[in-house]
Structures are given as structure tokens and as C-alpha cells.
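Work through the exercises below with the sequence and the coordinates at hand. Each task is followed by a solution in steps.

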Amino acid sequence: MKIVCLTAVHQRREITGIFYQAFVDQRVRALKEGIDLSLQVVASEPEDIALANYYGHAPAEAPNLPLGAKHNTGLEHAMAQDFDYLMQLGSDDFLCDSFWLNKDVQQALEQRLPIFGFNNLLVMHATERKMKTSNFLRPFGAGRLIHRSLLDSAVHCKPVRWKHSCTGKMHQRGKGSTELLPTKLIKPAMHEVLSDVTTVQLWEPNKNAGLDYSSESRLIWVHGMHKARCRVLPGKDMVMDVKTGSNIHSYEKLPGDELSQFQYDMTCEGFSFVRTIEDAYRGRGV
């Protein structure tokens, strides 16, 4: 089993360096379970490129904005490799130490589920001793795994919306914009292969937000709801997002239940990198 993690980096080099260190540990843990884990980085600035090379990850290079195009560039480099699953991880996202031992994850990989992830996210405040658990209706991008078979037939084609492809209702998204919210996809939408087969598009290239929704929607339009709708695994406290103060979504803006100090300490036992973050951002013990 080969899994490639796709990670886009931009500045925030302190947390990115810790991410690279934690990835080494995760790769060792994955190997013990028969999983060959590798990392495909896409970077924008010379310092980010140098840091990735320092840790042995030859990065793809792309402008930071728009983020959709940047992710597509990273995916293009990843698709040139041999892998079974693509995993999405941000440079401030961390897997728990027992991730690859989790029975639900192991079963999903054994069954070759097309796409799966989690909707329970731990959120840690890097500069303060705070942590919360956030629950979402749909799985988020961090830790989401997509099987190669979905990508091979989706990233080189252009979905064509046709009126009989789904039933649903108009759903308001922000001010002045509506979209069709698919509630039951009858069959995959028609699609055409792009004339330039080197073009890789999973995320809307001009978008800077809503990328998780964008990528899943594309897979659904090509493969149909039954195959490409992301399966939610029941695992809890599997993925942690670390907020350093310069994130798109701040710690305060994310909904969730705050953990007590006791719960904070107990949760940290499952994420060995947390103490490193405390040392880096709070000077713990100094």
C-alpha cells in the first residue's frame, strides 16, 4: 500500500518544520503497518522551497494564490508517482500517533474505499494553552484519503452539468449567490476529456476558499454520489489542526467545545509533537 500526502506550504516555517519532523515519525509508524508513506510538497517562496529540500522533500513550485491552482500543481507532480491513495494534509495538520493502528482506517484501506475521512477535528491554539474539538457535517480535507482510481478519471476531464444528473434544491451560499445542492445524484454527470491531457484539475483553479467542497463536488460530478461521496469514519481525535495566528480560519472563528486543562493534557498524550509546538511557540520550560 502506497500513500502520497499532498501538502501546500507558505511561510509559517516554524510550524512547517515541526510538521516535517512529525511526518518522519508517521512514516515509520506507517511502515510498521505495511504502508509506504511519502510526501509531495508544493511551495511558493524560496525559503519554503529550501526548507522542504532540507528535509528531503523535492517540492513542486507554484504561486501561492490562487490556492486551487497551487493544489492542482502539487497534484500534477503527485500523479506522476505510483500510489494507491492520496492523502491531504496542511502544513499545520497533524495525525495522532496511533492513526495507522486505528481499526476503522485499516478496514477502509483494506476495502479500498474510494474516498474517506473524518468530521471530528481537534483544534489547538499554538500560543495559548487552549484546545477544542470541532464537529462538521461533512468530512474536512485534513486527513482525507482519495483512491487513485477516482483521480485517474477525474483530474483530466471537464464535468458538464446536465439537468437530469441530480435532484436537489437551491441553496444559499453567502450574499447574492446560490447553487444547486445535490441531495440525490441519480447517475454520474457527462464529462469530456480535456484536450490538454497534461492538465490536472481537482480543485477549482481560481478559488482560495471552499477547496474541500470544490474537490469532492468534482469527483461526485464525474463518478456519481454513490462512489465519490466521502465516507465518514467514526474515529475521534485522529487529526489536529494547529492555529498559529496566521491561518485562514482563526482559532476563535472555528466552532467547537473547549477542552478542560485535564482533557488538554490527556489529548496531548496521543500527539507526541504537541510538546515541541509548546516549546517553539510558548517557550515551555524556559
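The chain exposes about 14000 Å², and carbon and sulfur atoms supply 53% of that area. The model is a predicted one.

**Exercise 1. Overall description**

Task: State what share of the 286 residues counts as buried, and how many helices and strands the chain has.

Solution. Step 1: 48% of the 286 residues count as buried. Step 2: the secondary structure comes to nine helices and 16 strands. Step 3: take the contacts between residues at least 6 apart in sequence; 74% of them join residues at least 24 apart.

**Exercise 2. Strand E15**

Task: Determine how many residues of strand E15 (residues 239–243) are buried, and which strands, E5 and E7 included, run parallel or antiparallel to E15.

Solution. Step 1: five of the five residues of E15 are buried, so the strand is mostly covered by the cut-off of under 20% relative accessible area.

Step 1: in a regular strand, side chains alternate between the two faces of the sheet. On one side of E15 are Val239, Asp241 and Lys243, and on the other Met240 and Val242; all are buried, and both faces are covered.

Step 2: strand E5 (residues 93–95) is joined to E15 by three bridges, and the two run antiparallel. Within this pairing, Asp93 stands opposite Asp241.

Step 3: strand E7 (residues 120–125) is joined to E15 by four bridges, and these two run parallel. Here Leu122 has Met240 as its bridge partner.

**Exercise 3. The salt bridge of Lys2**

Task: Find the partner of Lys2 in a salt bridge, and classify both residues as buried, partly exposed or exposed.

Solution. Step 1: a search of the whole structure finds 16 salt bridges. Step 2: one of them joins Lys2 to Asp82, with the closest N and O atoms 3.4 Å apart. Step 3: the pair links distant parts of the chain, since Lys2 is in strand E1 (residues 2–8) and Asp82 in the loop between helix H3 (67–79) and strand E4 (85–88), 80 residues apart. Step 4: Lys2 has 33% relative accessibility and counts as partly exposed. Asp82 reaches 56% and counts as exposed, because the cut-off for that class is over 50%.

**Exercise 4. The salt bridges of Arg275**

Task: Which residues form salt bridges with Arg275, and at what N to O distances?

Solution. Step 1: the side chain of Asp265 meets that of Arg275 in a salt bridge at 3.9 Å, N to O. This pair links distant parts of the chain: Asp265 is in helix H8 (residues 261–268), Arg275 in helix H9 (residues 274–282), 10 residues apart.

Step 1: Glu278 also meets Arg275 in a salt bridge, at 3.0 Å, N to O. Both residues lie in helix H9, three residues apart, which is about one turn of the helix.

Step 2: compare the accessibilities. Asp265 is partly exposed at 28%, and Arg275 is partly exposed at 27%. Glu278, at 1%, counts as buried.

Step 3: Arg129, Asp265, Arg275, Glu278 and Arg282 are linked in a network of salt bridges.

**Exercise 5. The ring pairs of Phe94**

Task: Decide whether the pair of Phe19 and Phe94, and that of Phe94 and Phe273, is stacked or edge-to-face.

Solution. Step 1: a pair of aromatic rings is described by the distance of the centres and the angle of the planes. The structure holds 11 aromatic pairs.

Step 1: the rings of Phe19 and Phe94 have centres 6.1 Å apart and planes at 70 degrees, so this pair is edge-to-face. The pair links distant parts of the chain: Phe19 in helix H1 (residues 13–32) and Phe94 in strand E5, 75 residues apart.

Step 2: Phe19 is buried at 3% relative accessible area, and Phe94 is buried at 2%.

Step 3: Phe94 and Phe273 are stacked, at 4.0 Å centre to centre and 20 degrees between the planes. Phe273 is in the loop between H8 and H9, 179 residues from Phe94. Phe273, at 6% relative accessibility, counts as buried.

Step 4: ring pairs link Phe19, Tyr20, Phe23, Tyr54, Tyr55, Phe94, Phe271 and Phe273 into a cluster.

Terms used:
Residues are numbered from 1 along each chain as its sequence is written. Side-chain values use heavy atoms; hydrogens and water are left out. Buried means under 20% relative accessible area, exposed over 50%, partly exposed in between (1.4 Å probe, protein chains only). Two strands pair if DSSP finds at least two bridges between them. Contact means heavy atoms within 4.5 Å. Accessible areas come from the Shrake-Rupley method with a 1.4 Å probe; for residues, only the protein chains shown count as cover. A salt bridge is a side-chain nitrogen of Lys or Arg within 4 Å of a carboxyl oxygen of Asp or Glu. Rings of Phe, Tyr and Trp (its six-membered ring) pair if their centres lie within 6.5 Å; planes under 30 degrees apart count as stacked, over 60 as edge-to-face and the rest as tilted.
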